[in-house]
Amino acid sequence: MLLENAPAKVNLTLRVLGRRADGYHEIESLVAFAEIGDTVEMEAGSGQPLEITGPFADFCGPAADNLIVKALAELRRRIPEVQAGTFRLEKRLPVAAGLGGGSADAAAALRLLARINKIAPDDSRLASAALAIGADVPVCLDPSPRVMRGIGELLSAPVRLASMPAVLVNPRVPLSTRDVFAQHRAGGESRKLPQIPDDPDALLELLNGHENELTAAAIACAPIVGEVLAELNGMEGVRLARMSGSGPTCFAILRSYEAAVGAAESLLKRRSNWWVCATHIG
(Lines give C-alpha, C1' and ligand atoms only; values in the text may rest on other atoms or scores of the structure.)
Protein backbone atom coordinates (compact mmCIF):
# COMPACT_ATOMS: atom_id res chain seq x y z
CA MET A 1 0.00 0.00 0.00
CA LEU A 2 1.42 3.38 -1.05
CA LEU A 3 0.02 6.70 0.15
CA GLU A 4 0.16 10.31 -1.05
CA ASN A 5 -1.29 13.35 0.67
CA ALA A 6 -3.51 15.65 -1.39
CA PRO A 7 -3.33 18.99 0.48
CA ALA A 8 -5.93 21.70 0.00
CA LYS A 9 -4.90 24.40 -2.47
CA VAL A 10 -5.46 27.94 -1.21
CA ASN A 11 -5.41 30.94 -3.53
CA LEU A 12 -3.88 33.70 -1.43
CA THR A 13 -4.48 36.10 -4.33
CA LEU A 14 -6.34 35.75 -7.62
CA ARG A 15 -6.22 38.19 -10.52
CA VAL A 16 -8.37 37.64 -13.63
CA LEU A 17 -6.55 38.86 -16.73
CA GLY A 18 -9.17 38.12 -19.38
CA ARG A 19 -11.10 35.49 -21.29
CA ARG A 20 -9.47 33.56 -24.11
CA ALA A 21 -11.10 32.59 -27.40
CA ASP A 22 -11.51 29.00 -26.15
CA GLY A 23 -13.54 30.18 -23.14
CA TYR A 24 -10.82 29.71 -20.50
CA HIS A 25 -9.72 32.65 -18.37
CA GLU A 26 -6.14 33.78 -17.92
CA ILE A 27 -5.27 34.34 -14.28
CA GLU A 28 -2.42 35.20 -11.94
CA SER A 29 -2.56 33.69 -8.47
CA LEU A 30 -0.26 33.17 -5.52
CA VAL A 31 -1.04 29.62 -4.43
CA ALA A 32 -0.18 27.96 -1.14
CA PHE A 33 -1.19 24.66 0.44
CA ALA A 34 -2.79 23.81 3.77
CA GLU A 35 -1.87 21.02 6.15
CA ILE A 36 -5.41 19.63 5.84
CA GLY A 37 -6.31 17.59 2.78
CA ASP A 38 -7.41 14.29 1.32
CA THR A 39 -5.28 11.15 1.12
CA VAL A 40 -4.91 8.82 -1.84
CA GLU A 41 -3.65 5.25 -1.49
CA MET A 42 -2.94 2.57 -4.04
CA GLU A 43 -2.97 -1.18 -3.43
CA ALA A 44 -1.42 -3.53 -5.95
CA GLY A 45 -3.62 -6.00 -7.76
CA SER A 46 -6.84 -5.88 -9.69
CA GLY A 47 -10.23 -4.85 -8.40
CA GLN A 48 -12.34 -1.72 -8.41
CA PRO A 49 -10.30 1.13 -9.89
CA LEU A 50 -11.36 3.53 -7.11
CA GLU A 51 -12.89 3.25 -3.66
CA ILE A 52 -13.98 6.44 -1.86
CA THR A 53 -14.44 6.86 1.89
CA GLY A 54 -14.39 9.79 4.28
CA PRO A 55 -16.80 12.50 5.48
CA PHE A 56 -17.38 13.90 1.96
CA ALA A 57 -17.44 10.61 0.05
CA ASP A 58 -21.18 10.86 -0.62
CA PHE A 59 -20.67 14.16 -2.47
CA CYS A 60 -18.09 12.85 -4.94
CA GLY A 61 -20.46 11.39 -7.53
CA PRO A 62 -19.78 8.15 -9.42
CA ALA A 63 -16.26 6.78 -8.99
CA ALA A 64 -15.98 6.32 -12.75
CA ASP A 65 -16.24 10.10 -13.21
CA ASN A 66 -13.63 10.95 -10.57
CA LEU A 67 -10.52 12.86 -11.61
CA ILE A 68 -8.36 10.08 -10.16
CA VAL A 69 -9.73 7.70 -12.80
CA LYS A 70 -9.17 10.40 -15.42
CA ALA A 71 -5.57 10.77 -14.21
CA LEU A 72 -4.87 7.11 -14.90
CA ALA A 73 -6.51 7.33 -18.33
CA GLU A 74 -4.55 10.44 -19.32
CA LEU A 75 -1.24 8.97 -18.22
CA ARG A 76 -1.94 5.75 -20.11
CA ARG A 77 -2.64 7.79 -23.25
CA ARG A 78 0.96 8.95 -23.01
CA ILE A 79 2.52 5.82 -21.48
CA PRO A 80 0.33 2.82 -22.44
CA GLU A 81 2.32 0.34 -20.33
CA VAL A 82 1.59 2.14 -17.03
CA GLN A 83 0.69 -0.32 -14.28
CA ALA A 84 -1.85 0.48 -11.56
CA GLY A 85 -3.90 -1.10 -8.81
CA THR A 86 -6.89 -0.01 -6.74
CA PHE A 87 -6.97 3.63 -5.64
CA ARG A 88 -8.48 4.46 -2.25
CA LEU A 89 -9.50 8.07 -1.68
CA GLU A 90 -10.17 9.38 1.82
CA LYS A 91 -12.28 12.45 1.03
CA ARG A 92 -11.84 14.96 3.86
CA LEU A 93 -12.24 18.20 1.90
CA PRO A 94 -15.58 19.63 0.80
CA VAL A 95 -16.45 19.17 -2.87
CA ALA A 96 -16.74 22.11 -5.31
CA ALA A 97 -15.21 24.24 -2.59
CA GLY A 98 -12.50 26.37 -4.22
CA LEU A 99 -9.78 24.29 -2.54
CA GLY A 100 -8.74 22.27 -5.59
CA GLY A 101 -9.66 19.04 -3.83
CA GLY A 102 -10.36 17.00 -6.94
CA SER A 103 -7.28 18.41 -8.65
CA ALA A 104 -5.12 17.60 -5.62
CA ASP A 105 -6.51 14.04 -5.63
CA ALA A 106 -5.67 13.62 -9.32
CA ALA A 107 -2.18 15.01 -8.77
CA ALA A 108 -1.63 12.61 -5.86
CA ALA A 109 -2.74 9.73 -8.10
CA LEU A 110 -0.21 10.79 -10.74
CA ARG A 111 2.55 10.84 -8.11
CA LEU A 112 1.57 7.34 -6.99
CA LEU A 113 1.60 6.09 -10.58
CA ALA A 114 4.99 7.69 -11.10
CA ARG A 115 6.38 5.96 -8.01
CA ILE A 116 5.04 2.54 -9.01
CA ASN A 117 6.18 2.82 -12.62
CA LYS A 118 9.52 4.50 -11.88
CA ILE A 119 8.61 7.62 -13.83
CA ALA A 120 10.78 10.63 -12.98
CA PRO A 121 8.88 13.47 -11.26
CA ASP A 122 10.05 15.89 -13.96
CA ASP A 123 8.94 13.65 -16.85
CA SER A 124 7.10 15.94 -19.29
CA ARG A 125 4.41 13.30 -19.79
CA LEU A 126 3.31 13.73 -16.16
CA ALA A 127 2.94 17.48 -16.62
CA SER A 128 1.08 16.96 -19.90
CA ALA A 129 -1.34 14.51 -18.28
CA ALA A 130 -1.87 16.89 -15.35
CA LEU A 131 -2.91 19.79 -17.59
CA ALA A 132 -5.22 17.53 -19.61
CA ILE A 133 -7.08 16.62 -16.41
CA GLY A 134 -7.75 20.20 -15.30
CA ALA A 135 -6.27 23.66 -14.94
CA ASP A 136 -5.49 23.30 -11.21
CA VAL A 137 -3.78 19.91 -11.46
CA PRO A 138 -0.31 21.16 -12.60
CA VAL A 139 0.18 23.33 -9.50
CA CYS A 140 -0.94 20.42 -7.29
CA LEU A 141 1.49 17.96 -8.91
CA ASP A 142 4.31 19.34 -6.74
CA PRO A 143 2.34 21.04 -3.95
CA SER A 144 4.66 23.91 -3.11
CA PRO A 145 3.79 27.62 -2.86
CA ARG A 146 4.22 29.33 -6.22
CA VAL A 147 2.63 31.78 -8.64
CA MET A 148 0.42 30.24 -11.31
CA ARG A 149 -0.41 32.04 -14.53
CA GLY A 150 -2.11 31.36 -17.85
CA ILE A 151 -4.97 28.95 -17.21
CA GLY A 152 -2.79 27.26 -14.60
CA GLU A 153 -0.11 25.76 -16.80
CA LEU A 154 2.51 28.50 -16.30
CA LEU A 155 4.13 27.98 -12.92
CA SER A 156 6.86 29.93 -11.20
CA ALA A 157 9.62 28.24 -9.27
CA PRO A 158 8.54 27.42 -5.72
CA VAL A 159 8.50 30.44 -3.44
CA ARG A 160 9.38 30.41 0.23
CA LEU A 161 6.45 31.27 2.48
CA ALA A 162 6.25 31.31 6.25
CA SER A 163 3.74 28.82 7.68
CA MET A 164 0.67 30.87 8.64
CA PRO A 165 -1.97 29.81 11.21
CA ALA A 166 -5.37 29.87 9.57
CA VAL A 167 -9.01 28.90 9.71
CA LEU A 168 -10.72 27.44 6.64
CA VAL A 169 -14.51 27.75 6.43
CA ASN A 170 -16.91 26.21 3.93
CA PRO A 171 -20.68 26.80 4.32
CA ARG A 172 -21.43 23.44 2.64
CA VAL A 173 -22.94 25.14 -0.38
CA PRO A 174 -21.37 23.97 -3.67
CA LEU A 175 -20.43 26.70 -6.10
CA SER A 176 -19.68 26.19 -9.79
CA THR A 177 -16.42 27.68 -11.03
CA ARG A 178 -18.03 28.19 -14.43
CA ASP A 179 -20.91 30.16 -12.90
CA VAL A 180 -18.58 32.40 -10.93
CA PHE A 181 -16.41 33.22 -13.93
CA ALA A 182 -19.55 33.90 -16.00
CA GLN A 183 -20.70 36.38 -13.32
CA HIS A 184 -17.32 38.10 -13.06
CA ARG A 185 -17.13 41.64 -14.38
CA ALA A 186 -13.74 43.25 -14.85
CA GLY A 187 -13.18 46.29 -12.67
CA GLY A 188 -10.31 48.74 -12.57
CA GLU A 189 -6.77 47.88 -13.51
CA SER A 190 -5.26 45.40 -11.07
CA ARG A 191 -1.63 45.15 -10.09
CA LYS A 192 0.78 42.42 -11.13
CA LEU A 193 2.28 40.44 -8.27
CA PRO A 194 5.77 41.62 -7.28
CA GLN A 195 8.48 39.37 -5.90
CA ILE A 196 7.00 37.35 -3.02
CA PRO A 197 8.64 38.09 0.35
CA ASP A 198 9.21 35.30 2.87
CA ASP A 199 8.92 37.63 5.88
CA PRO A 200 5.42 37.06 7.38
CA ASP A 201 4.66 40.76 7.97
CA ALA A 202 5.83 41.76 4.49
CA LEU A 203 3.78 38.94 2.99
CA LEU A 204 0.63 40.11 4.80
CA GLU A 205 1.24 43.64 3.53
CA LEU A 206 1.50 42.29 -0.03
CA LEU A 207 -1.65 40.18 0.35
CA ASN A 208 -3.64 43.14 1.61
CA GLY A 209 -2.84 44.91 -1.66
CA HIS A 210 -3.77 42.03 -3.97
CA GLU A 211 -7.28 40.62 -3.69
CA ASN A 212 -9.24 37.69 -5.04
CA GLU A 213 -11.03 39.37 -7.94
CA LEU A 214 -13.70 36.66 -8.11
CA THR A 215 -15.11 37.50 -4.68
CA ALA A 216 -17.90 39.81 -5.82
CA ALA A 217 -18.98 37.34 -8.50
CA ALA A 218 -19.03 34.48 -5.99
CA ILE A 219 -21.15 36.51 -3.55
CA ALA A 220 -23.56 37.31 -6.40
CA CYS A 221 -23.89 33.57 -7.10
CA ALA A 222 -23.96 32.52 -3.44
CA PRO A 223 -24.61 35.37 -0.95
CA ILE A 224 -23.57 33.09 1.91
CA VAL A 225 -19.94 33.71 0.88
CA GLY A 226 -20.42 37.26 2.18
CA GLU A 227 -21.66 35.84 5.49
CA VAL A 228 -18.58 33.62 5.77
CA LEU A 229 -16.25 36.56 5.15
CA ALA A 230 -18.13 38.66 7.71
CA GLU A 231 -17.72 35.91 10.31
CA LEU A 232 -14.00 35.61 9.57
CA ASN A 233 -13.39 39.35 9.69
CA GLY A 234 -15.08 39.41 13.09
CA MET A 235 -12.69 36.89 14.61
CA GLU A 236 -10.33 38.14 17.31
CA GLY A 237 -6.74 38.28 16.07
CA VAL A 238 -7.56 37.96 12.37
CA ARG A 239 -4.93 39.48 10.08
CA LEU A 240 -6.54 38.75 6.73
CA ALA A 241 -9.79 37.17 5.54
CA ARG A 242 -10.34 36.12 1.94
CA MET A 243 -12.08 33.70 -0.39
CA SER A 244 -10.04 30.91 -2.00
CA GLY A 245 -10.32 30.18 -5.73
CA SER A 246 -13.84 30.62 -7.03
CA GLY A 247 -15.28 29.89 -3.56
CA PRO A 248 -17.22 29.26 -1.51
CA THR A 249 -14.45 28.30 0.94
CA CYS A 250 -12.87 31.28 2.67
CA PHE A 251 -9.90 31.53 5.00
CA ALA A 252 -8.61 33.77 7.74
CA ILE A 253 -4.98 34.16 8.74
CA LEU A 254 -4.52 34.65 12.47
CA ARG A 255 -1.68 35.58 14.78
CA SER A 256 -1.19 32.13 16.29
CA TYR A 257 -2.38 28.56 15.87
CA GLU A 258 -3.95 28.70 19.34
CA ALA A 259 -5.99 31.70 18.20
CA ALA A 260 -7.01 29.79 15.07
CA VAL A 261 -8.18 26.81 17.11
CA GLY A 262 -10.14 29.03 19.48
CA ALA A 263 -11.72 30.95 16.62
CA ALA A 264 -12.69 27.73 14.84
CA GLU A 265 -14.30 26.30 17.97
CA SER A 266 -16.22 29.53 18.59
CA LEU A 267 -17.45 29.70 15.00
CA LEU A 268 -18.65 26.08 15.06
CA LYS A 269 -20.82 26.86 18.08
CA ARG A 270 -22.63 29.52 16.02
CA ARG A 271 -22.54 27.77 12.65
CA SER A 272 -22.67 24.07 13.45
CA ASN A 273 -23.69 23.18 9.89
CA TRP A 274 -20.53 24.71 8.38
CA TRP A 275 -17.21 22.94 7.77
CA VAL A 276 -14.60 24.73 9.87
CA CYS A 277 -10.96 23.72 10.22
CA ALA A 278 -7.96 25.24 12.01
CA THR A 279 -4.77 24.55 10.09
CA HIS A 280 -1.57 26.09 8.72
CA ILE A 281 -1.13 27.53 5.22
CA GLY A 282 2.27 27.82 3.61
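This is a predicted model: local features need pLDDT of at least 70, side-chain atom pairs count only at pLDDT 80 or more; totals for chains, interfaces and linings use all residues.

Biologist: How are α1 and α2 oriented to each other?

Modeller: The angle is about 45°. Angles under 35 degrees would count as roughly parallel, and 65 to 115 as roughly perpendicular. The α1/α2 pair is therefore oblique.

Biologist: Which residues of α2 make the contact with α1?

Modeller: From α1, the contact uses Leu67, Ile68, Ala71, Leu72 and Leu75. The residues of this contact divide into nine nonpolar, two polar and one charged.

Biologist: At what angle do the axes of α1 and α3 cross?

Modeller: Helix α1 covers residues 67-78 and helix α3 covers residues 124-133. Their axes come within 9 Å, and α1 passes α3 in a right-handed crossing. The axes cross at roughly 135°.

Biologist: And how many charged residues are in the contact of α1 with α3?

Modeller: α1 brings Leu67, Lys70, Ala71, Glu74, Leu75 and Arg78, while α3 brings Arg125, Leu126, Ser128, Ala129, Ala132 and Ile133. By class, seven of the contact residues are nonpolar and one is polar. The number of charged ones is four.

Biologist: Is α2 roughly parallel or roughly antiparallel to α3?

Modeller: α2 and α3 pack with axes 10 Å apart, at about 155°. Angles over 145 count as roughly antiparallel. So α2 against α3 is roughly antiparallel.

Biologist: How many nonpolar residues does the contact of α2 with α3 have?

Modeller: Ala106, Leu110 and Ala114 of α2 meet Leu126, Ala129, Ala130 and Ile133 of α3. The contact has no polar and no charged residues. Its nonpolar count is seven.

Biologist: On to pockets: which residues lie nearest the centre of the largest pocket?

Modeller: That pocket holds about 1300 Å³ of space and is lined by 44 residues. Elements giving two or more residues to the lining include β1 (2-11), β3 (25-43) and α2 (101-116). By class, the lining divides into 21 nonpolar, 16 polar and seven charged residues. Nearest the centre are Ser103, Asp136, Thr177, Arg178 and Ser246.

Biologist: Which element gives the largest share of the lining of the second largest pocket?

Modeller: This pocket has about 340 Å³ of space, and among the 19 lining residues, Pro121, Asp122, Leu126, Leu141 and Asp142 are the closest to its centre. The lining has 11 nonpolar, no polar and eight charged residues. Two or more residues come from each of α2, α3 and α4 (137-141). With four residues, the largest share comes from α3.

Biologist: Last one: what is the phi of Lys118?

Modeller: Most residues other than glycine have a negative phi. Lys118, found in the loop between α2 and α3, is not a glycine and yet has a positive phi. The value is about 55°.

Definitions and conventions. Residues are numbered from 1 along each chain as its sequence is written. Side-chain values use heavy atoms; hydrogens and water are left out. Axes are lines fitted to C-alpha atoms, for helices over the stretch in contact, and angles run from 0 to 180 degrees between N-to-C directions. A crossing is left-handed if the near helix is turned anticlockwise from the far one by less than a right angle, and right-handed if clockwise. Contact means heavy atoms within 4.5 Å. Ala, Val, Leu, Ile, Met, Phe, Trp, Tyr, Cys and Pro count as nonpolar, Asp, Glu, Lys and Arg as charged, and the others, Gly among them, as polar. On a 1 Å grid over the protein atoms alone, a cavity is a set of points where a 1.4 Å probe fits but cannot get out, and a pocket is an open set with protein on both sides within 12 Å along at least five of seven lines; lining residues have an atom within 4 Å of a point. Grid points are joined across faces, edges and corners, and a volume is the space filled by probe spheres set on the points.
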